[in-house]
Amino acid sequence: MVRKVNEIANEDSALLLTPLFEQVPRSEADQLLGALKTYTLPKGASIFRQGDTDHRMYMLERGRVKLVRQSSDHRVQLLSIHGRGEILGEIPVFDPSGGPRTASAVVMVNDTKVAALERDDLFTWLNQHPRVAVDMLQVLAGRLRANNERISDLVFMDVPGRLAKTLIDLATRFGEPFEKGLMVPHDLTQEELAQLVGASRETVNKALMDFSNRKWISRKGRTIIIYHPGALIRRSRM
């Protein structure tokens, strides 16, 4: 079997699939892999906390992580969810001021595995492989685009439309196909799902009930089963 230049024998590892490594040969990636420090963490553990001033970037090799922000009056807002092969906490690394962190990264499932990389090690390596910096800029641009789109959705899209779009995004990234549709184990409380949509829990539950009545989805604990993704896609575009 012919392997791609960056494919590795251990298919469980996602590090070489991150934007930092996916465009470089394995021999060049090995120069930086040795600088990574890996951790396996339980559900509920914090990878980094809001207000931290460290200069590390993290890559998610296995599991799922949520980014949350706490206000001065201790209200908590879920900002985003990240999965295998994604980069976390890159802003303090590339921000000249160096921090502090504006959110906390909290592990959502047991045995989540992350790799930490210090800024000095990353920049030394980027000086030798400057083309990789373009890939990192694309990651940052993608995050900025997603944030702008979310703001636009909050202004122009109703709650059912935002919910439909959120469910499709979760299904695309974490969905598990089965004979009747897609199983989406989102591991979110009702309040967290509402925060992700940007609405009250009551309004989101009402929209979920409507989707269920239309036979588009069904709910089972913290898992949503999507039977008609096309219907959700159409609703998200109304």
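## Basis of the description

Helices (H or I, at least four residues) and strands (E, at least two) are DSSP runs, numbered from the N terminus. By that assignment, threonine 223 is found in strand S12 (residues 223-226). This is a predicted model, in which local features need pLDDT of at least 70 and side-chain atom pairs count only at pLDDT 80 or more, while totals for chains, interfaces and linings use all residues. Residues are numbered from 1 along each chain as its sequence is written, and side-chain values use heavy atoms, with hydrogens and water left out.

## Threonine 223

Threonine 223 has a relative accessibility of 18% and therefore counts as buried (under 20% relative accessible area; exposed is over 50%, partly exposed in between, with a 1.4 Å probe and protein chains only). Not counting residues up to four places away in sequence, threonine 223 touches Met183, Val184, Pro185, His186 and Ser218; contact means heavy atoms within 4.5 Å.

## Sheet S2-S7-S4-S5

An open sheet is formed by 4 strands in the order S2-S7-S4-S5, with antiparallel pairing. Two strands pair if DSSP finds at least two bridges between them. At the edges are strand S2 (46-48) and strand S5 (76-82), each pairing on one side only. From one strand to the next the twist averages 30°; axes are lines fitted to C-alpha atoms, for helices over the stretch in contact, and angles run from 0 to 180 degrees between N-to-C directions.

S2 and S7 are antiparallel and share 2 bridges, with phenylalanine 48 opposite alanine 105 in S7. S4 is joined to S7 by 4 bridges, again antiparallel, and here valine 65 stands opposite valine 107 in S7. On the other pairing of S4, 6 bridges connect strand S4 (residues 65-70) to S5 in the antiparallel sense; leucine 67 has serine 80 in S5 as its bridge partner. Strand S7 (residues 104-107) is covered on both faces: Ser104 and Val106 on one side, and Ala105 and Val107 on the other, are all buried. Helix H6 (residues 190-197) lies across S4 and S5, at about 80° to S5.

## Sheet S1-S8-S3-S6

Another set of 4 strands forms an open sheet in the order S1-S8-S3-S6, and its pairing is antiparallel. Strand S1 (37-41) and strand S6 (87-88) are at the edges with a single partner strand each, so one side of each has no neighbour in the sheet. Strand S3 (residues 56-62) pairs with S6 in the antiparallel sense over 2 bridges, and methionine 59 stands opposite isoleucine 87 in S6. Helix H3 packs on this sheet, touching S3 and strand S8 (112-118), and its direction makes about 70° with that of S8.

## Aromatic and charged side chains

A pair of aromatic rings is described by the distance of the centres and the angle of the planes. Rings of Phe, Tyr and Trp (its six-membered ring) pair if their centres lie within 6.5 Å; planes under 30 degrees apart count as stacked, over 60 as edge-to-face and the rest as tilted. The count by this rule is 3 aromatic pairs. In one of them, phenylalanine 94 and phenylalanine 123 have ring centres 5.9 Å apart and planes at 40°, so the pair is tilted. Phenylalanine 94 belongs to helix H2 (residues 91-94) and phenylalanine 123 to helix H3 (residues 119-128); the two are 29 residues apart, and the pair links distant parts of the chain. Phenylalanine 94 is partly exposed at a relative accessible area of 28%, and phenylalanine 123 is partly exposed at 35%.

Two arginines lie over phenylalanine rings. A charge sits over a ring if NZ of Lys or CZ of Arg is within 6 Å of the ring centre and within 35 degrees of the ring normal. The charged end of arginine 64 is placed over the ring of phenylalanine 174, 4.3 Å from its centre. Arginine 101 lies over the face of phenylalanine 48, 4.1 Å from the ring centre.

## Helices H5 and H7

Helix H5 (residues 159-174) and helix H7 (residues 201-213) have axes that come within 9 Å and cross at roughly 70°. H5 is therefore roughly perpendicular to H7 (65 to 115 degrees; under 35 is roughly parallel, over 145 roughly antiparallel and the rest oblique). Val159, Pro160, Leu163, Ala164 and Leu167 in H5 meet Thr203, Val204, Ala207, Leu208 and Phe211 in H7.

Arginine 201 also lies in helix H7 and is partly exposed, with a relative accessible area of 36%. Leaving aside neighbours within four places in sequence, arginine 201 is in contact with Gln190, Glu191 and Ala194. Arginine 201 and glutamine 190 are 11 residues apart in sequence, with a C-alpha to C-alpha distance of 6.4 Å.
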